[in-house]
Amino acid sequence: MRQRRWRVVTVWLAVTVAIVVFVVSYGTWDWLGPGVGSGSAQGPEPIARPAGEPLEVQVIAQQWQFTFRWPSYGGIKTQQLVIPVGRYIEFHVTSLDVIHSFWAVGLGVKADAVPGADNVVYARPERTGPFHLRCAELCGLWHGQMYQLTPRVATQAEFESWIARQQRQYADIVRYLPPYSHVYDPAPQYRAG
């Protein structure tokens, strides 16, 4: 009877160790694999940078929305996030008021948006389609409504067409935006939260 217990315990431990080793190995391989966003948000000077010239997109969080600036497209500011497939995206995440968290679930990216700070994170989407985007930091009264219904990954041609429409649509108001910067320090505004 005693020998049987030892056999059961040994099998139980061996199976448990095998499962843990598999999960850790697969998770590490998947995290380090090609095309996966770093998701680490290492501040303004990340340790790991992708090769090539990534597309820079600034994510500006504020109660209770995200907006996006495109420095390589004249500094326009949009309400929607559309990014091209197969290209590295360099997100510069900042906030105008309180601490938020930019969480692009389908891209494997999560970065804190802190007032006066530039938090850089990379992603390289591998397939087109919509993805979830939300705030993952309790940021005030309407935190639960701080998400986007329309972010998507598009083909390069679709992205170029979309960004050209945005440039035409917002051409008259770009001059009223503050100069592009990785962080902004606006005067405080009184908002609920």
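Reply: Let me start with pairing: two strands pair if DSSP finds at least two bridges between them. Helices (H or I, at least four residues) and strands (E, at least two) are DSSP runs, numbered from the N terminus. This is a predicted model, in which local features need pLDDT of at least 70 and side-chain atom pairs count only at pLDDT 80 or more, while totals for chains, interfaces and linings use all residues. Residues are numbered from 1 along each chain as its sequence is written, and side-chain values use heavy atoms, with hydrogens and water left out.

Me: OK, what does the secondary structure of the chain come to?

Reply: The chain has two helices and twelve strands, and read along the sequence its pattern is α-β-β-β-β-β-β-β-β-β-β-β-β-α.

Me: Which strands form the open sheet, and in what order?

Reply: Five strands make up that open sheet, in the order E3-E2-E1-E5-E8, and the pairing is mixed. Its edge strands are E3 (76–78) and E8 (119–123), each of which pairs on one side only. Neighbouring strands in this sheet are turned by 30° against each other on average, direction ignored, where axes are lines fitted to C-alpha atoms (for helices over the stretch in contact) and angles run from 0 to 180 degrees between N-to-C directions.

Me: Is strand E5 mostly covered or mostly open?

Reply: E5 (residues 89–95) is mostly covered, with seven of its seven residues buried, where buried means under 20% relative accessible area, exposed over 50%, and partly exposed in between (1.4 Å probe, protein chains only). Both faces are covered, with Ile 89, Phe 91, Val 93 and Ser 95 on one side and Glu 90, His 92 and Thr 94 on the other. E1 is also mostly covered, as seven of its eight residues are buried. For the chain of 193 residues, the buried share is 36%.

Me: Which residues touch the most other members in the largest nonpolar core?

Reply: They are Trp 70, Leu 81, Phe 91 and Phe 102, in a core of 34 residues; a nonpolar core is a set of buried Ala, Val, Leu, Ile, Met, Phe, Trp, Tyr and Cys residues joined through side-chain atoms within 4.5 Å. E1 gives the most to this core, with four residues. Leaving aside neighbours within four places in sequence, Phe 91 is in contact with residues including Val 57, Val 59, Leu 81, Phe 102 and Val 121, contact meaning heavy atoms within 4.5 Å.

Me: Switching to helix H2, what does it pack on?

Reply: H2 (residues 156–169) packs on the sheet, where it touches E1 (55–62), E2 and E3, and its direction makes about 105° with that of E3. H2 has 14 residues and reaches 20 Å from its first C-alpha to its last, close to the 20 Å expected at 1.5 Å a residue, the expected span being 1.5 Å times one less than the number of residues.

Me: Which residues of H2 are buried?

Reply: Phe 159, Trp 162, Ile 163 and Gln 166 are buried in H2. Seen down the axis of H2, these buried residues fall within an arc of 95°, so they line one face of the helix, the arc being that of the directions from the helix axis to the C-beta atoms. They pack against E1, E2, E3, strand E4 (82–84) and strand E12 (152–154). The face turned away from the buried side carries the exposed residues Ala 157 and Arg 168.

Me: Last one: is Ser 101 buried or exposed?

Reply: Ser 101 lies in strand E6 (residues 100–104) and is buried, with a relative accessible area of 1%. Not counting residues up to four places away in sequence, Ser 101 touches several others, among them Phe 66, Lys 110, Asp 112, Arg 134 and Glu 137.
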